[in-house]
Amino acid sequence: MVTRLLIANRGEIAVRIARTARARGIATVAVYSDADRDALHVAACDTAVRLGPAPSADSYLRIDRLIAAARDTGADAVHPGYGFLAENAGFAEAVAAAGLAWIGPPADAIRAMGPKDAAKRLMAGAGVPVVPGYHGQDQDPAHLAAEAEAIGYPVLIKARAGGGGKGMRLVEGAAGFAEALERARSEARSSFGDDHVLVERFVANPRHIEVQVFADAHGRAIHLFERDCSAQRRHQKVLEEAPAPGIGPGFRTAMGQAAVRAALACGYRGAGTVEFIVDGAALAAHAAAEAEGRDPGPAEGFYFMEMNTRLQVEHPVTEAVTGLDLVALQLDVAEGRALPAQESIAMSGHAVEVRLYAEDPARGFLPQTGRLAALALPDPAAHPGLRVDAGVRAGDTVSPHYDPMIAKIVAHAPTRTAAFQRLDAALADTHLAGIAANLGFLARLAAHPPMRDGTLDTGLIARAGAALTDEPAATAEDLALAAACLAGLAGAVHPLAGWRAWGPGTSRLQLVQDETVHDIALARAGVDGIAAETPLGPAALTLALLGGSAWRVEASGRVWRVHLHRHGDTVTLATPGGRRLTLARRDPRAAAAAAAAGASGDTVAAPLPGLVQSVAVAAGDGVIAGQVLAVMEAMKMEHTLRAPRDGTVARVAAAAGDQVAEGTVLLALEPEA
């Protein structure tokens, strides 16, 4: 029996594991870096142990310190969560060697399913379908290019280690293969210490559907049905749901059985996920035949991609539809209990999860860092079927050292339509300020017609483009509200604020949304009103504070509710229908000075804090627009910086190995003639 559990992770997963442990009467031990001393997961556990400085290599990835923390606190088991060392066979062995229970699969299974090439060979031998491609050992670029030609473009280059889209590149034709291979290898080397890749056929209209599996120490393996993870940006999952829309019972059974064969083939134990790439057309045809009472034939068109030998970020949707606690099942397996029979497990309703990240969708989903000046997550008590797993609180800082996830929001309902409606309501009740986040993007994605009707594939977000990533354009009323908030007229504590002896005073200010500058003239109108002249027209509003950040707004015979969050010279507005926009106060004198300082030539700056991995040019080099100038690593991802135009490099201000802040100028081009 586990009595004291060390959780070798951080953030929302550490909080979630602690919740189940507490319910079972198990004491918990948190670990933390200097950046996480006051983090939520530390507060969620009974005891906490410092591991070291903020970089994960000096803290969360130190196996010796994690084992010492377990021994020093009297822990008898270790749960790795996901990420960090969760799929590290050496860590699993070190835990066992220390006489501790490992809440995860055996080290041999982790090793077998780690390298994607070896895993696919093992799966093929077990009768699990795999994507046609090259999974061999010859890594000569010319040989890989020849294999890609033989497979036929488009192809995917994929790192054999790790996951999460790192070390993966889609190549449309031979001309782009060499650069894509180098970038994939570089990212794989940085992320996993292994630059070995494989090349596979790209499946058209692909769906990403995964199956949750469990295996125990008594030779039983079961599946807990599937999750659809097709809504992705840059191969990173954004929205997951269970069950997968449009899948029929025959296809579901075939995939579940294949996943169980995969688990048994590698001697698995505990929780794992078998990920499949699915031909969307084949899936739809099979489901249509079943629905019409025709013989659909064998379920074909799904292919093994990889097996994640750990709990998945999206496991809550499986918990919602099965009623099972997957962390509790992990503990049961570790304590030697038998799993329930496959036929005893059933699905109920539909669940959908979104991942709230500190990132800027309008800037290519660049991860963001900084302090969460405000964070209000929806209250499950006010939203039926809602679950919120959070790793941070208002006032916490999102660090450049770790994954930028803020929270997961999960909605469960009897039907898919109702689940999405509950998600809409939950997102409308979510508010944050102080840092860019993907909240508005998530609301637009959840309401996007192909998502709503289930006709999705992994290219959905890329195809939708600006319709999902760009903020909605501001209205005159939006500008008036933001200006009032920044000028101190919204929420003024005194009824005479904004007035002069001869009448209402006028405030003049400039607001910026994206790169658009708006000149605003603002004045009080009565005790609770404001009047504004904006480039989009006049706006006359009456305001009443409802509580917290919520305001009642009345204008032109219309009444609505808006949330206003001010952070310094920036204000975030959340209005009905999932509209969210951010406007900043512009100082014309500072803007003019910045423009003058940059008049000597174009510059390339760090888009976020991170490590400069490589610089590809030197002063005096000629470059063309789009040419790779430098590569950075930040927030666990690689970012390629390219030349903004044709020109000549005037100076290089950074070198490989430099740690730089956001906005740091790395290179400058000579002024255009």
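**Second largest pocket**

I began with the second largest pocket, which is lined by 39 residues, with D360, I435, A436, E471 and T582 lying nearest its centre. For the record, on a 1 Å grid over the protein atoms alone, a pocket is an open set of points with protein on both sides within 12 Å along at least five of seven lines, a cavity is a set of points where a 1.4 Å probe fits but cannot get out, and lining residues have an atom within 4 Å of a point. This is a predicted model, where local features need pLDDT of at least 70 and side-chain atom pairs count only at pLDDT 80 or more, while totals for chains, interfaces and linings use all residues. Residues are numbered from 1 along each chain as its sequence is written, and side-chain values use heavy atoms, with hydrogens and water left out.

The space in this second largest pocket comes to about 940 Å³; a volume is the space filled by probe spheres set on the grid points, which are joined across faces, edges and corners. I sorted its lining by class and got 16 nonpolar, 14 polar and nine charged residues. In that sorting Ala, Val, Leu, Ile, Met, Phe, Trp, Tyr, Cys and Pro are nonpolar, Asp, Glu, Lys and Arg are charged, and the others, Gly among them, are polar. Elements that each supply at least two lining residues include α14 (439-447), β26 (506-513) and β31 (558-567). Helices (H or I, at least four residues) and strands (E, at least two) are DSSP runs, numbered from the N terminus.

**Cavity**

How many cavities of 30 Å³ or more does a search of the whole structure find? I got one. The largest cavity has a volume of about 30 Å³, and among the residues lining it are H79, W102, R310 and Q330. Its lining divides into six nonpolar, five polar and one charged.

Next I checked strand β2 (residues 27-33), where seven of its seven residues are buried. Buried means under 20% relative accessible area, exposed over 50%, and partly exposed in between (1.4 Å probe, protein chains only). Both faces are covered, with A27, V29, V31 and S33 on one side and T28, A30 and Y32 on the other. Strand β1 (residues 4-7) pairs with β2 in the parallel sense over four bridges, and two strands count as paired if DSSP finds at least two bridges between them. R4 stands opposite A27 in β2. The chain gets from β1 to β2 through helix α1 (residues 11-23), and this β-α-β crossover is right-handed: with the strands pointing away from the viewer, the path from the first strand over the helix to the second runs clockwise. β2 also pairs in the parallel sense with strand β3 (residues 47-52), over five bridges, and V29 stands opposite T47 there.

**Helix α11**

I then asked why helix α11 (residues 315-322) is largely enclosed by the rest of the structure. Seven of its eight residues are buried, so that is the reason. The buried ones are H315, P316, V317, T318, E319, V321 and T322. G323 follows α11 and has a positive phi, near 75 degrees.

I traced an open sheet of four strands in the order β6-β9-β7-β8, with antiparallel pairing. β6 (133-134) and β8 (168-171) stand at the edges with a single partner strand each, so one side of each has no neighbour in the sheet. Strand β7 (residues 155-159) pairs with β8 over four bridges, and L156 stands opposite L170.

In the loop between α7 (141-151) and β7 I found P154, joined to Y153 by a cis peptide bond with omega about 0 degrees. The A242 to P243 bond is cis too, with omega near -5 degrees.

Buried or exposed: which is F225? It is buried, at 12% relative accessibility. F225 lies in strand β11 (residues 221-233), and its phi is positive, near 70 degrees. S556 also has a positive phi, about 55 degrees, without being a glycine, but S556 is exposed at 76% relative accessible area.
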